[in-house]
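Work through the exercises below with the sequence and the model open beside you. Try each task before you read its solution.

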Amino acid sequence: MSALLRQIPANIPQDIRKIRIENSHLTELPRGSFENISALEYLWLNFNNITVMHIKSLEYLPALKELRLQGNKLGSVPWTAFQDTPALKILDLKHNRLDVLPEHALRYLPNLTYLDLSSNQLTIISKDVFYSWPVYQRSQRAEGQIEAISNAVLALHDNPWICDCRLRGFVQFIKSVGPPIILMNSYLTCSSPKFRAGKFFHEVELNSCMKPLTTALDTNLTVPVGLNVTLTCFVQASPSPAVSWTYALKLLRAFNVSTKPISEETVRSELLIPAARPADTGNYTCTAANFLGNTSVTITLRVGAPWASTTPPAWAPIAPAEPGAHVEVRIAKQTVYGITLEWFAVAAAAADPGETWYTLLVGRYDAAQKDAIYIGPGVNTYSVTDLLPATKYEVCVAVRNQAPRKRQCVVFVAGSDISQLEQREKLIHIIVIICAMMFTQP
């Protein structure tokens, strides 16, 4: 205990049955570490710095019943090494760094009664890991029979589980498992994605995995010079995909891209092109990928002449407004530097409200050019931030490809900086006091 050992000592007596080396400096278990002590039954190597375990490190240990490697730094385990320990009953690997369990990891552990994999870095496990475990297979064959089977305790808690479609089979296994397999802690908890973080396995229902399906409502856009343009694509996928944008075969900078989930299996990705110039004309490709594959959609952008207007505030109609297409908009929340808008479709704004896109135009009240933001189906709120305090703005929401109409625009003044207001108020109080003192002096 707490000795400065850096390797398994040599010349250990052949009849030794228990070795315990803890809080020492062991860093690996090389091949043939215990070749001269075949009578060994208990091996405790907890709280060392073991990072490597050779595939033949347990060779010549046919009588080994208990192996404890808690609190080491193992990122992986050579599971076939347990072919040399057929009598093993207890395997303790908690508080290591294991992040993967191969499908046949437990195949060579037929007599385990205790397996502890808690507090590792496991995120995704296939149900087949346990279906191929001889202990589980015996329990299925003996179901409904009188044959007595020893219980096996299984510890899997305190791992950062990713609760998406890849974990579906494992979650179903955990929900259905019962004696002789007993979970030390049956309340396994999701760590991600965010909308499932903290939920127990028995609270979630996971869908099947799906290759990304990438779409864009408008794949051809023509905008005036100087307008801030937002290109938008929607992706349906499970698990959540990685989304990227390319232009002329070059990957675009991440800080101009915003990708957010809008439902469990759908994400919206937006590419911002500030102050569009003719040089920005071209094809922009939105690509989404997960482990099942990738798909992409291309949006063609044309940047034309400046947006001219004769009467401020000017809104350039994209197309004539259709009769009955109307949206009412209001400010749901206002802060010092921004607002949250909320809008509602009135009458026949679109044939199918579930597929209705909206155009949000926002800018200074007297500006001839306004920023256009395209809002996808099913969304009826949007937050505008980074506004200048004490500045007059106008914002309009219209059905896509239609000009805003009455009651679809809101004029407002962005909130003043609170600290400036407080300083101004204090200054007024000081001036009033000084003036009062001057008037009261003889």
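Helices (H or I, at least four residues) and strands (E, at least two) are DSSP runs, numbered from the N terminus. The model is predicted, and local features need pLDDT of at least 70, side-chain atom pairs count only at pLDDT 80 or more, while totals for chains, interfaces and linings use all residues. Residues are numbered from 1 along each chain as its sequence is written, and side-chain values use heavy atoms, with hydrogens and water left out.

**Exercise 1. The second largest pocket**

Find which strand gives the largest share of the lining of the second largest pocket.

Solution. Begin with the term itself: on a 1 Å grid over the protein atoms alone, a pocket is an open set of points where a 1.4 Å probe fits, with protein on both sides within 12 Å along at least five of seven lines, and lining residues have an atom within 4 Å of a point. The volume is the space filled by probe spheres set on the points, which are joined across faces, edges and corners, and for the second largest pocket it comes to about 360 Å³. Next, look at the lining, which consists of 21 residues, with Pro193, Phe195, Ser240, Pro261 and Glu264 lying nearest the centre. Two or more residues each come from strand S14 (229-238), S17 and S18. The largest share, three residues, is that of S17. Finally, sort the lining by class, where Ala, Val, Leu, Ile, Met, Phe, Trp, Tyr, Cys and Pro count as nonpolar, Asp, Glu, Lys and Arg as charged, and the others, Gly among them, as polar; the result is 10 nonpolar, five polar and six charged residues.

**Exercise 2. The largest pocket**

Describe the space in the largest pocket and the strands that supply its lining.

Solution. The largest pocket holds about 830 Å³ of space. Its lining has 29 residues, and those closest to the centre are Ile373, Tyr382, Ser383, Val384 and Thr385. At least two lining residues are supplied by each of strand S17 (257-263), strand S18 (266-273), strand S23 (358-364), strand S24 (371-375) and strand S25 (381-384). Counting by class gives 12 nonpolar, 10 polar and seven charged residues.

**Exercise 3. The disulfides**

How many disulfides does the structure hold, and how are the bonded cysteines paired in sequence order?

Solution. A disulfide is a pair of cysteine sulfur atoms within 2.5 Å, and the structure holds four of them. When the bonded cysteines of the chain are numbered in sequence order, the pairing reads 1-3, 2-4, 5-6, 7-8.

Take the link of Cys163 and Cys190, where the S to S distance is 2.0 Å. Cys163 lies in the loop between strand S9 (161-162) and helix H3 (168-176), whereas Cys190 lies in strand S11 (residues 190-192), so the pair ties together parts that are 27 residues apart in sequence. With -90 degrees about the S-S bond, this link is left-handed, and both cysteines are buried (buried means under 20% relative accessible area, exposed over 50%, and partly exposed in between, with a 1.4 Å probe and protein chains only).

Then consider Cys165 and Cys209, whose sulfur atoms are 2.1 Å apart. The torsion about their S-S bond is about 100 degrees, and therefore the disulfide is right-handed. Cys165 is buried at a relative accessible area of 7%, whereas Cys209, at 29%, is partly exposed.

Continue with Cys233 and Cys286, which form a disulfide with the sulfur atoms 2.0 Å apart. Because Cys233 lies in strand S14 and Cys286 in strand S19 (residues 282-290), the pair ties together parts that are 53 residues apart in sequence. Cys233 has 0% relative accessibility and counts as buried, and Cys286 is buried with a relative accessible area of 0%.

**Exercise 4. The surroundings of Thr214**

Is Thr214 buried or exposed, and which residues does Thr214 touch?

Solution. Thr214 has its place in strand S12 (residues 210-215), and its relative accessible area of 11% makes this residue buried. Contact means heavy atoms within 4.5 Å, and, when residues up to four places away in sequence are not counted, Thr214 touches Cys233, Phe234, Val235, Cys286, Ala288, Thr295, Ser296 and Val297. The cysteines of this list, Cys233 and Cys286, form a disulfide.
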